[in-house]
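Dear colleague,

I am handing over a structure that you have not worked with before, and I would be glad if you could look through it with the notes that follow beside you.

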Amino acid sequence: MTTHPSRSARVLARERGIRAVRRTTIAVALTAAATVSGVAGLLAADWSNAATVTSSDTTASESSTGTSDNDDWGTSTTPEQSSGGSSHTSSGGS
Amino acid sequence: MNTEGAAVGRRSFAAIGTINHVLSAQADRVEAAAVIVRQQLAELDATCSRFRADSELSALARGREVAISPLLTELLAAGIRTARRTNGLVDPTVGAAMRRLGYDDDLATIRVRPARSEPLDYQPAPGFWRIALDQSAHRVMIPYGVEVDLGASAKAWAADRAARTCHEQLGGGFLVNLGGDLAVAGRPPQGGWQVSVDDATELDRDDWPIVTVRSGGLATSSTAVRTWRHGDRELHHIIDPHTGDVADPWWRAVTVVAETAELANAAATAAVVLGPEAAHWLARRRLPARLVSQAGLPVYVGEWPEDVSVRSRAAGSLGDQSRTAQLRASA
């Protein structure tokens, strides 16, 4: 018997595929930017290099949708309930 | 029992447009620590203030790669790191948007000048990826038209650096609080550092929740503190990079604890920009947080403890109950 993935599974797979492509594209863009930066060090005012940096805008913009997970948030640190007394200092809105 | 002890030393001073506090678990080291922090903040101001025409950042040539100081390299790297971590929710290229909205000087100056009323010009931030930084060579290329504002990351990064330097040079435990961005280094006083959270409500100081922090960083971002008027609108200093306008003030304040102040501040500011999705976003990153709605009521994320304040402890009730009663009384 032939089985077909459910619609939700197909949608999920498609989303994962898109997400993987985005991550790859972003990595390429960042690598390209780093390379350009290095080249620009040798050719300080070479505008073709500056233009190359700008050409990655569309890809980078896609990375700023706030939808992808990001694990680069350090180890978990937990505040504890105060045991009493007054505070040493305060954190106000900055 | 409060184990705050008499040994904790404290110095406070104004710098970088805010009030800063240096605390030492060993009182006899606080003076030396304050000297270190003052010196570092003076360097910070001279390096990246956007309100000073003579700061290194303001004077940077645009459109070509130029050599920069190691300190500006670190500060730009922190700004770009923050933008990448938050997927562009917090972006250092909001400088022009800030200026267009009128935040072009210290707030004390802005608030005393006549309120402006001309139509506002909203433009999305150019995007952090336009800053080409070579961290190892200390060189950067910022294109024409890109105005960099490191306000969303520099203060927290500086708090981490200052606390770490005090610990490394003087030994012992230190807490550095730069306008609400707190970093801790070394061994805390017995019972930990007691930090009250001013969440910009009308409540009395005795109703502010107090948490114990022993390591890492804590930061609060608010839509109700650094504010000014433009015509009929009250504006605040947290910009949504995607619109170029101030973020919708869904939350009055967001406080986050993380491994460093840089991380805590990045998350708190991103949460303000995200609005209603913020609690879920923070939970997915396992960041304990406390968000306060415009009505003044808290939402807890992760392992953030239930509110305990001086008043609630005296009344033998949970902070929420005391807080709700106070809010009703002041409404």
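In the notes on linings, Ala, Val, Leu, Ile, Met, Phe, Trp, Tyr, Cys and Pro count as nonpolar, Asp, Glu, Lys and Arg count as charged, and the others, Gly among them, count as polar. Please keep in mind throughout that this is a predicted model.

With those classes, the lining of the second largest cavity divides into five nonpolar, three polar and two charged residues. The residues that line this cavity are Gly79(B), Thr82(B), Ala83(B), Val90(B), Asp91(B), Pro92(B), Asp149(B), Leu150(B), Ala152(B) and Ser153(B), and the space in it comes to about 40 Å³. A search of the whole structure finds two cavities of 30 Å³ or more.

The largest pocket holds about 1,100 Å³ of space, and of the 48 residues that line it, Ile16(B), Tyr103(B), Gly151(B), Lys155(B) and Arg226(B) are the closest to its centre. Its lining has 20 nonpolar, 17 polar and eleven charged residues. Among the elements that each supply at least two residues of this lining are β2 (89-91) of chain A and, from chain B, β2 and α1 (30-48).

Ile16(B) also belongs to a hairpin of β1(B) and β2(B), which has two residues between the strands, and there Ile16(B) takes a positive phi near 45 degrees. Strand β1 (residues 9-15) and strand β2 (residues 18-24) of chain B pair in the antiparallel sense over seven bridges, and Ala14(B) has Ile19(B) as its bridge partner in β2(B).

With best wishes

Key:
Residues are numbered from 1 along each chain as its sequence is written. Chains are lettered from A and ligands numbered from 1 in the order in which they are written. This is a predicted model: local features need pLDDT of at least 70, side-chain atom pairs count only at pLDDT 80 or more; totals for chains, interfaces and linings use all residues. Side-chain values use heavy atoms; hydrogens and water are left out. On a 1 Å grid over the protein atoms alone, a cavity is a set of points where a 1.4 Å probe fits but cannot get out, and a pocket is an open set with protein on both sides within 12 Å along at least five of seven lines; lining residues have an atom within 4 Å of a point. Grid points are joined across faces, edges and corners, and a volume is the space filled by probe spheres set on the points. Two strands pair if DSSP finds at least two bridges between them. Helices (H or I, at least four residues) and strands (E, at least two) are DSSP runs, numbered from the N terminus.
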